[in-house]
Amino acid sequence: MRRFFVPLLTSRVVSESYTELRFPWPGDLRRPLPGQFLSLGVNSSPPVFLRRPFSLSGFDGSRNEAAVMVLPRGPASEALCRLRPGEMLDIIGPRGFPFPYHHNTHDPRPIVLVGGGIGVGPLQFAAQYLLERHEPVVLLLGFREPAMIPALEFPQGARVRLACEKAPLPEGVHLGKVLDLAEDFFDREEPREVWTCGPPGMLHRLASLCLARGIACSVLMEEMMGCAVGACMGCAVPVNDGRGYLRACTEGPVFDAAIVDWEGLWT
Amino acid sequence: MDLSVRIRNSVFPNPVGVASGVFGYAKEYELLVPLQQLGAIYTKAITPKPRAGNPAPRLAETRWGMLNSIGLANVGLSAFRSQKLPFLRSLGVPVVVNVAGSVEEDYAEVIRGLESEADVWGYEVNVSCPNVRHGGQSFGSRPEVLHDLIRLLRPLTDRPLVVKLSPNTADIAELGRAAVAAGADALSAINTLKGMVIDIHKKRPKVRRGIAGFSGPAVLPVGVAAVYTLSRAVPVPVIGLGGIAGWEDAVQYLLAGASAIQVGSALFRDPDLPVSILKGIRTYAEHQGFTQVGDFAAALKWEEVG
Ligand SMILES: Cc1cc2nc3c(=O)[nH]c(=O)nc-3n(C[C@H](O)[C@H](O)[C@H](O)COP(=O)(O)OP(=O)(O)OC[C@H]3O[C@@H](n4cnc5c(N)ncnc54)[C@H](O)[C@@H]3O)c2cc1C
Ligand SMILES: Cc1cc2nc3c(=O)[nH]c(=O)nc-3n(C[C@H](O)[C@H](O)[C@H](O)COP(=O)(O)O)c2cc1C
Ligand code: FES
C-alpha cells in the first residue's frame with residue numbers, strides 16, 4: 001500500500017449506470033487481488049471531504065493496468081465518471097483482504113459470484129482472476145433497470161446469468177431478483193463457495209440462504225470509511241465470534257458471512 | 001529558525017503534531033507519512049480496559065467535515081504497553097498518550113500504568129469526548145470537576161500534562177483556568193463539537209448513536225476562537241487544533257496564540273499534510289522574519305474593541 005498519483009488512461013461507459021476507469025498500476029506495487037479496494041481522493045463540485053473507497057474491477061498484468069467500476073451515487077462518484085483521460089487520480093492502495101481464494105484444481109464445483117449495484121466491479125475482477133486460474137466460475141448479477149445492464153466482456157468459460165427487476169428485457173435475462181437465480185442454482189448444483197457484493201439487503205438474504213444450506217459465503221461489505229487504513233475505527237463491522245467489531249478497511253472488506261452480526265448492522 | 005516548542009520539562013522538535021483518534025497508534029500510517037518528521041504523535045485515547053466502541057455505523061460526512069461516533073474504541077492499557085508502545089517508542093518522536101475514562105480513577109490508572117514506561121513524552125487528558133455516556137465530557141464541562149481531576153493526576157507524573165478541552169461549553173476560558181490552576185502544563189483545543197446528520201430518506205440519523213463528534217475544515221473558526229480565548233486566559237502553552245487542512249490554517253492558529261498545532265481529520269484526505277504544513281509554516285516564518293514559534297502570536301495586529 002502507498003499513495004500514488006496516476007493519469008486516467010481510459011473512461012468507458014459500460015451502461016447507463018457504470019463507468020469503468022483504467023489507469024496505470026505502479027510497477028513497484030504488489031498486484032491487486034479481487035476484493036481489495038483503493039481509497040480515492042476526489043475533487044468534485046460540491047466538494048467532498050473524505051476519500052472514497054472503490055473496489056478494483058480488473059487488473060491487466062501484461063500491461064500493468066488496473067480498473068475500477070464506478071456507479072454514480074453522489075458528488076465524488078459522479079465526478080469520477082466525468083473524469084477525462086489524462087486527468088490525475090489520487091490513490092491510496094491496495095487495501096484490505098481479498099476474497100479467500102485457495103487454488104484447487106481437483107474440485108470441479110464452481111465458485112459462484114453473486115451481486116449487483118457496486119458489486120459488479122469486484123465480481124468482474126473475481127471472475128477474470130478465477131478464469132485465468134482455470135477455475136469453474138458462475139457469475140450471477142442483478143439489476144434494477146434494463147438500462148443498467150453493463151456490456152461486460154468476460155473471457156471464455158464464465159457461466160453468466162443476469163436478472164433484472166423490470167421489463168423489457170434483453171434476450172436471456174431473468175425477470176426478477178438475483179437471489180432467485182442463486183436459489184435456483186443452489187437447487188441444481190453444489191457450489192464450492194459463494195462470493196458476494198451488492199446492496200446490504202441482498203447480502204443479508206444471500207448470506208442466510210448460504211448458511212441454511214451449509215455453503216461457505218464471503219461478503220464484501222460496504223461501510224463508511226474515514227481513514228481507510230485502520231487508524232480511526234470508523235468502519236466497524238459487528239461480528240458474532242467474540243471479537244466485537246472488525247474494521248472493514250483492514251480485517252475486511254471481505255468477511256465470512258457466518259461471523260457478521262447482521263442485526264447489528266442497522267441496514 | 002528554531003521551531004521547537006517547550007512544555008514543562010520537555011520539547012517538541014517542531015510544532016506540527018497529529019491528533020488523537022485519527023492516527024491510531026501510528027503504525028497504521030507508516031507507509032503514508034514520514035513519521036520521523038512529526039513534531040508529536042497523540043495516540044488514540046487509552047482507557048484501563050479495552051473498549052469495543054459504539055454501534056455501527058459510526059461515521060458520516062457533512063458539508064466540509066464529518067461526524068464520528070467511535071466511542072473511544074481502543075486496545076486498553078495493557079495491550080497498548082505490550083503491543084503499541086514499542087513501535088511508537090522506536091520512532092524517536094514525542095509520544096503523547098491521550099488518556100480517557102469514565103471515572104477519575106480510570107485516568108489515574110492509565111497514567112500510573114505508563115509511568116514506568118520509557119519514552120512516553122506526556123499525557124493529553126481527554127475530558128472532552130462527546131461519544132461516551134459517562135465521563136469524558138462531563139469532566140470537561142464543569143470547572144470544579146475538571147479541577148479536581150487534574151489535581152488528582154498532577155502528583156502522579158512529572159511529565160507534561162496537556163488538558164484537551166471541548167468547545168461544547170459556555171466558558172472555555174474558565175475551564176482552561178481551572179485546569180491550569182490544578183497543575184496542567186498546557187491546554188489543547190478543540191475536541192469535536194456535538195453534531196447530528198439526519199438521512200431524510202430513511203428518516204433517522206446517519207450515525208447509529210445519533211449525536212456524534214463534528215470535525216473537519218468546517219470547524220476551523222471555532223477552534224481558532226477557542227485558542228485565541230484560551231491563550232489570553234492562561235499563562236501556559238495552548239495547542240491548537242480543529243479543521244486544519246493546510247499550512248494557512250495552521251498559521252491562523254499560531255497567530256491566534258497557539259504554540260503548536262495538531263492535524264486531525266483532514267489527514268484522512270491528505271496524509272502529506274503534516275509535512276506540507278511544517279514546510280508552509282517555515283516559509284511563512286522566513287518571509288515574516290520570525291525566528292521562533294512565539295513570534296507568531298506576538299505578530300497578531302489587532303486589539304479587541306469594546
Ligand atoms: C469496500 C468498498 C468498496 C466499494 N466499491 C465500489 C465500487 O467498486 N464501485 C462503486 O461505484 N462504489 C463502490 N463503493 C461505494 C463508494 O465508495 C460510494 O459510492 C462513494 O463513496 C459515494 O460517494 P459520493 O460522493 O459519490 O456520494 P455520497 O452522496 O457522498 O454518498 C453516497 C453513499 O456512498 C457511501 N459513501 C459515501 N462516503 C463514503 C466513504 N467515505 N466511505 C464509504 N462509503 C461512502 C455511503 O453509503 C453514502 O450513503 C465501495 C465502498 C466500499 C466501502
Ligand atoms: C475518528 C476520530 C476519532 C477521534 N478520537 C479521539 C480520541 O480518542 N481522543 C481525543 O481526545 N480526540 C479524538 N478525536 C478528536 C480529534 O483529536 C480532534 O480534536 C477533532 O477531530 C478536531 O480536529 P479536526 O477538525 O482537525 O479533526 C477524534 C476525532 C476523529 C475524527
Ligand atoms: S476507515 Fe478508519 S479504521 Fe477503517
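## A β-α-β unit in chain B

Strand 7, helix 2 (residues 104–115) and strand 8, each belonging to chain B, make up a right-handed β-α-β unit. This is a predicted model, and the unit is a friendly place to begin a tour of it.

The two strands of the unit are also paired: strand 7 of chain B and strand 8 of chain B (residues 122–126) run parallel, with 4 bridges between them. Within that pairing, Asn98(B) stands opposite Glu124(B) of strand 8. Strand 7 of chain B has a further parallel partner in strand 4 of chain B (residues 40–42), to which it is joined by 2 bridges. Here Val95(B) is the bridge partner of Ile41(B).

## How enclosed is strand 7?

Is strand 7 of chain B buried or exposed? Of its 5 residues, spanning 95–99, 5 are buried, so the strand is largely enclosed by the rest of the structure.

In soluble globular proteins, nonpolar side chains tend to be buried together. In this model, the largest nonpolar core contains 109 residues, and those with the most contacts inside it are Phe12(B), Phe23(B), Tyr29(B) and Val163(B). Helix 6 of chain B (residues 220–233) provides the largest share of this core, with 7 residues. Apart from this core there is another, of 37 residues, which includes Ala163(A), Leu203(A), Leu209(A) and Ala228(A).

What surrounds Val163(B)? Beyond its neighbours within four places in sequence, Val163(B) is in contact with several residues, among them Val125(B), Val127(B), Leu146(B), Ile150(B) and Ala179(B). Its contacts also include Ala184(B), Ala186(B), Leu187(B) and Ser188(B).

## Cavities and a pocket

How many cavities of 30 Å³ or more does the whole structure hold? A search finds 2. The largest cavity has a volume of about 470 Å³. Its lining is made of 38 residues, and Ser20(B), Val22(B), Asn68(B), Asn191(B) and Thr192(B) lie nearest its centre. Strand 6 (65–68), strand 14 (212–215) and helix 8 (266–269) of chain B each give at least two residues to this lining.

Over in chain A, there is a pocket to look at too. The second largest pocket has a volume of about 510 Å³. It is lined by 24 residues, with Gly116(A), Gly117(A), Arg144(A), Glu165(A) and Pro199(A) closest to its centre. Strand 9 (137–143), helix 3 (178–188) and helix 4 (200–213) of chain A each supply at least two lining residues, and helix 4 of chain A gives the most, with 3 residues.

Conventions:
Residues numbered from 1 in each chain as written. Chains lettered and ligands numbered in written order. Predicted model: local features only at pLDDT ≥ 70, side-chain atom pairs only at ≥ 80, totals over all residues. Heavy atoms only, no water. Core = buried A, V, L, I, M, F, W, Y, C linked by side-chain atoms within 4.5 Å. Buried < 20%, exposed > 50% of the residue type's maximum accessible area, 1.4 Å probe, protein only. Contact = heavy atoms within 4.5 Å. Pairing = 2+ DSSP bridges. Right-handed = clockwise from strand over helix to strand, strands pointing away. 1 Å grid on protein atoms, 1.4 Å probe; cavity = no way out; pocket = protein on both sides within 12 Å on 5 of 7 lines; lining within 4 Å. Points joined across faces, edges and corners; volume = space filled by probe spheres on them.
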